[in-house]
Amino acid sequence: MKKISVLIADQHATSISLENEFLFELKNIAAKQNISLNKLVTKIDSARETENLSSALRVYVLQYYKNELLAPKRTADEHNNRDDFQAS
């Protein structure tokens, strides 16, 4: 577990506690999106539906990678559906 300080919306400093693995992946996601960790946390904070920011960050990481894993399947399914439509 690691505790770090972040700045939300460039004005509100807070600390979050996350397992090293979640923090590592959160930083990777921010890098993939070409944004700072603070901006990613701000984005997640503004959309969260739970009181606990650390929990919201964990759920975001999980959902991000679930979506990434399903993306190739969705693309293949969409392609197959288009082929079926065009063949009719």
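Predicted model: local features only at pLDDT ≥ 70, side-chain atom pairs only at ≥ 80, totals over all residues.

Reply: Starting with the naming: helices (H or I, at least four residues) and strands (E, at least two) are DSSP runs, numbered from the N terminus. Residues are numbered from 1 along each chain as its sequence is written, and side-chain values use heavy atoms, with hydrogens and water left out.

Me: What pattern does the chain follow along the sequence?

Reply: Reading along, you get β-β-α-α-α, that is, two strands and three helices.

Me: Why is Leu18 called buried?

Reply: Buried means under 20% relative accessible area, exposed over 50%, and partly exposed in between (1.4 Å probe, protein chains only). Leu18 comes in at 1%, so buried it is. The residue belongs to strand E2 (residues 12-18). Take contact as heavy atoms within 4.5 Å: leaving out residues up to four places away in sequence, Leu18 touches Met1, Lys2, Leu23, Leu26, Ser54, Leu57 and Arg58. Across the chain, buried residues make up 23% of the 88 residues.

Me: How do you know that the buried residues of H1 line one face?

Reply: The buried ones in H1 are Leu23, Leu26, Ile29 and Ala30. Seen down the helix axis, they fall within an arc of 120 degrees, so they line one face. That arc is taken from the directions from the helix axis to the C-beta atoms. Glu21 and Phe24, on the other side of H1, are exposed.

Me: What span does H1 reach from its first C-alpha to its last?

Reply: H1 (residues 20-32) has 13 residues and reaches 18 Å, close to the 18 Å expected at 1.5 Å a residue. The expected span is 1.5 Å times one less than the number of residues.

Me: Which residues are buried in H2?

Reply: In H2 (residues 37-47), they are Leu37, Leu40, Val41, Ile44 and Asp45. Down the axis of H2 these fall within an arc of 135 degrees, so they too line one face of the helix. Ser46 and Ala47 are exposed on the other side of H2.

Me: Why is the pair of Tyr64 and Tyr65 called edge-to-face?

Reply: Rings of Phe, Tyr and Trp (its six-membered ring) pair if their centres lie within 6.5 Å; planes under 30 degrees apart count as stacked, over 60 as edge-to-face and the rest as tilted. The structure holds two aromatic pairs. In the Tyr64 and Tyr65 pair the centres are 5.1 Å apart and the planes at 85 degrees, so edge-to-face is the label. Tyr60, Tyr64 and Tyr65 form one aromatic cluster.

Me: Why does Tyr65 count as partly exposed?

Reply: Its relative accessibility is 21%, so Tyr65 counts as partly exposed. Tyr64 has 18%, so that one is buried.
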